[in-house]
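Hello,

I am passing this structure on to you. Please open it first, then read my notes below.

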Amino acid sequence: MGGLLGCVAALFAASFFGFLPIRRHSATFAVYGACFAISIVLCALSIPAIAAPASSALLPLGLPWLGAHFRLDALAAVFLAIVDLGAAVASFYALGYGTHESEPRRVLPFYPIFLASMNLVILAADAYSFLFAWELMSLTSWALVMSRHREAATARAGFVYLLMASFGTFALLLAFGILAGPDGAFAFDAIQARPLSPAISALVLALVLVGAGSKAGLVPLHVWLPLAHPAAPSHVSALMSGAMTKVAVYAFIRISFDLMGPPAWWWSLPLLLLGGITAAAGVLYALMETDLKRVLAYSTIENIGIIFAALGLALAFKACELNGAAALVLTAALFHAFNHMLFKSGLFFGAGAVIVATGEKDMERLGGLIHRMPISSGAFLIACLAIAALPPFNGFASEWLIFQGVLVSPQLPQMGLKLLVPAIGVLLALSAALAAACFVRAFGMTYLGRARSKAASEAREADRWSLTAMTICAALCLLTGIFPGLVIDALQPAALALVAGHMPAQTANAWLSIVPVSASRSSYNGLMIFGFLGISVWLSAALIHRFASRAVRRAPFWDCGYPGAGPIAQYSATSLAQPLRRVFGSVALGTYEEVEMAPPGDTAPARLRRFIRDPIWDFAYAPLAGGIGWVATLLNHLQYLTIRRYLSFVFTTLVLLLSVLAIWG
Amino acid sequence: MGVIAALLMQFGQMVLVLVLAPAVTGLVRKMKARLQRRVGPPILQPYRDLRRLFGKDVVLADNSSWLFRAAPYVIFAATWVAAALIPTFQTGLLFSWSGDLIAIVALLGLARFFQAAAALDTGTSFGGIGASRELMIASLAEPAMIMITFTVALVAGSTQLSTIAEFMLTTGGLRVSLGLALVALVIVALAENARIPFDNPATHLELTMVHEAMVLEYSGRHLALIELAGSLRLLLYMSLIACIFAPIGLVVGGTGLLVHAGALVAYMLKLTVASLLLATFEMSVAKMRIFRVSDLLGIALMLGLLGTLLLFVSGGM
């Protein structure tokens with residue numbers, strides 16, 4: 001515990017490197033080097049803490065009558081490991097990527113504080129320090145988003161992010177206020193001891209869903225995420241998508257599984273619904289987007305939806321005291337959170353390398369980079385396969401576990417859940433299939449085909465630091481996909497603490513296969529599948545090269561007899577998604593197309609325009625913003641009153657307050 | 001002895017599906033031709049085609065990358081492994097527990113990912129048109145397949161195909177949900193194998209082709225591998241339908257050469273019947289417009305959901 005807090009203090013200290021009057025490159029190297037080293041230590045300290053008994057500390061900081069409580073239990077250790085592993089690879093990547101930054105001084109001082117605040121949120125064990133660290137995390141990440149504030153899009157992203165972040169913190173503040181009760185028992189162990197009435201718990205659940213959900217990107221609170229995550233430098237984007245959304249997931253688990261006491265079955269309803277809708281909607285948005293980093297941000301929304309849906313199932317199982325099943329889906333959710341950190345970091349690193357190499361992040365102006373950036377394209381491909389939930393990579397292992405969780409849920413007695421869970425199963429299956437389509441598109445448009453712009457045709461491979469970081473992410477995606485049992489076993493202490501149940505031990509299984517319930521029911525062996533795939537590829541290649549032909553001739557591609565079709569004649573990202581847009585988008589996103597034909601005899605080109613609306617923005621945010629504007633205009637009149645009017649307002653308010661006190665007091 | 005026999009059996013299964021696959025494709029073609037009153041190519045023609053393709057040089061597009069050359073091997077390997085995981089004549093093979101039905105669906109998804117990526121690699125419009133349509137079809141067929149998996153798994157209490165087949169052999173009966181799953185599975189199988197009404201395996205008309213557009217740039221041994229993978233996929237879906245809905249004749253914990261020979265004959269018979277049904281069906285319907293395809297696949301998805309829903313509400317349906 002002391003070591004962890006010391007490391008967090010060291011992170012705060014590391015931010016001073018960003019202010020030192022030394023050369024830009026040295027400052028970059030010092031900050032990211034220090035962050036990498038400290039994050040690795042934090043990660044190494046937190047992994048053994050998962051299985052160790054909980055430890056706590058009380059520091060004389062914060063409110064004088066409360067102090068700052070810190071506690072490290074299994075759940076906190078799991079999320080510390082996720083966040084700090086992400087922080088370590090991101091810092092390592094930034095050792096190379098950060099040198100391409102035009103104004104590094106806008107990033108360097110905030111970056112270590114951002115890392116420290118994420119750690120503090122997870123370690124905090126009273127409402128005050130939790131909210132302080134939470135707000136620090138929001139503000140530093142906002143500062144990092146605003147590091148390129150001169151771009152108009154960034155300024156807007158920063159504004160929307162700041163609004164949503166303060167709104168979320170406000171909701172969490174209210175939630176903790178209700179949880180702490182009238183005596184102001186803000187320490188987590190005091191909150192745990194208080195029983196909640198159903199009405200109060202419904203209110204707290206709604207507030208936590210708003211507070212943590214807005215940070216994680218749950219639909220309909222997701223609007224800031226695809227604006228803010230891509231606007232930051234790529235290593236910060238990776239951290240925001242990979243680590244900060246996990247901190248929000250942690251906050252939700254901490255409050256709903258731990259602080260709120262035994263759950264009721266209906267708690268799971270909003271979670272399942274929102275999770276399923278978020279998963280499907282997130283990936284649909286991603287499919288319509290052409291900006292590479294925004295595609296990744298939307299896919300973060302999708303994965304958060306998957307995690308929340310799994311958490312909803314876990315709550316339902318826990319409420320019905322099916323502890324083994326609850327442990328299964330909770331493990332799946334934690335595993336998926338870990339996996340998402342790995343592959344999403346790798347993908348954002350790849351996108352960052354593309355931006356450094358070409359200055360472009362619009363997929364319509366990229367293409368053909370596989371020839372010029374072979375290593376980073378390989379790492380990006382593996383991360384794409386992992387996020388598309390394809391075996392033998394890690395994304396498949398965690399989604400497979402979630403599907404196994406859906407398959408044990410007929411045991412739930414409530415009719416409402418019996419009807420809802422299959423529908424959520426469809427949404428999850430749909431989002432898995434659409435994610436595969438989305439990442440074929442992202443990879444294909446960015447790295448394959450012919451270069452669609454001059455910058456893309458002159459790209460150069462990324463620096464060695466960045467390549468190493470990307471390769472580490474890809475290798476970990478493969479390793480955790482081949483040996484999922486190790487991760488599952490490591491997560492069991494957290495499941496045991498939260499839902500009082502655990503999955504059977506996996507490392508004892510023959511051939512390291514994973515068996516969530518029983519061997520006759522279902523099993524999956526990543527190592528075996530990987531081995532079979534490898535042997536089949538090797539065998540077929542060897543046999544064909546030995547006994548058949550291995551000759552290769554190069555020729556121009558088949559142009560249908562119309563030579564000279566430039567790169568513009570290729571399928572673009574927009575046209576690749578056109579059938580999907582017609583099938584899904586017209587219902588979910590209100591997309592439509594307009595064809596403008598020139599009149600006969602005119603030589604003007606025909607034009608096709610596509611329109612995409614975000615129904616949530618149209619129907620929820622735009623009216624809300626309009627309403628606030630309208631109220632503000634009304635209130636504006638209050639500025640120009642006489643002093644007598646103001647005095648009478650003061651008097652009326654006083655009388656009102658006193659009468660309220662007289663009635664209630 | 002036990003382990004060696006089990007290994008041999010597993011190896012035999014892998015070789016069996018590989019050897020049989022082109023014959024099934026040939027059989028379907030032959031039957032279709034006979035139904036159209038043509039003589040048709042001999043059943044063994046696909047083997048000759050493969051031998052010819054394997055012997056030829058590969059003509060690569062100038063701007064194709066390593067992914068284009070590696071993809072056929074990955075597509076073939078993923079399809080082969082998936083096909084080998086399905087019980088054809090015996091359940092509970094040595095390695096059958098290494099992947100369940102969900103893993104089989106995902107392995108086919110892996111093959112499709114590489115197929116679509118390779119189609120985009122040369123940067124031609126044909127590759128793009130094929131990939132784009134394939135992704136649209138897959139994005140509905142794959143969830144439908146997962147829902148079918150759920151339905152079957154809820155009935156049999158397992159996603160493991162061996163257990164499902166054993167359950168169907170012993171305690172399986174007529175159920176509403178299984179009927180729905182069968183219809184949905186047939187629709188998905190037609191879509192995944194690029195058969196009429198989704199795609200026409202015999203066309204090269206740009207308005208209609210899906211799968212052929214994706215492999216247009218392939219030649220020589222690469223094309224041979226992709227063709228072989230296509231045949232394997234057809235065999236895979238036939239074996240899958242047979243194993244779940246007609247498991248009669250499967251050897252459970254087998255003993256004796258005669259039992260296995262009987263099981264093999266039963267398997268061949270099932271494949272023949274399935275080929276006949278497929279050929280007759282393809283003869284009697286027309287190809288759909290590409291944007292009508294989503295309606296049919298949507299029906300499959302809904303049927304899968306309905307089956308799962310019935311089982312959630314009442315275990316006996």
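Start with A:Val329. Leaving aside residues up to four places away in sequence, A:Val329 touches A:Ala310, A:Leu313, A:Ala314, A:Phe317, A:Ile402 and A:Gly405. Bear in mind that this is a predicted model.

A:Val329 also belongs to the largest nonpolar core, which has 372 residues. Along with A:Ala383 and A:Cys473, A:Val329 is among those with the most contacts inside that core.

Next, the two chains. On chain A, 70 residues are in contact with 75 residues of chain B. Several elements of chain A give two or more residues to this side, including α16 (394-408), α21 (526-547) and β3 (552-555). The most comes from α17(A), with 15 residues. By type, the side of chain A that touches chain B has 48 nonpolar residues, 16 polar and six charged.

β3(A) is joined by four bridges to strand β1 (residues 58-61) of chain B, and the two run parallel. One pair to look up: A:Arg553 has B:Val59 as its bridge partner in β1(B).

Last, A:Met445. You will find A:Met445 in helix α17 of chain A. A:Leu369 is 76 residues from A:Met445 in sequence, yet their C-alpha atoms are 9.4 Å apart in space.

Best wishes

Technical notes: Residues numbered from 1 in each chain as written. Chains lettered and ligands numbered in written order. Predicted model: local features only at pLDDT ≥ 70, side-chain atom pairs only at ≥ 80, totals over all residues. Core = buried A, V, L, I, M, F, W, Y, C linked by C-beta atoms within 7 Å. Buried ≥ 20, exposed ≤ 12 C-beta atoms within 10 Å, placed from the backbone. Contact = placed C-beta atoms within 7 Å. Nonpolar A, V, L, I, M, F, W, Y, C, P; charged D, E, K, R; others polar. Pairing = 2+ DSSP bridges.
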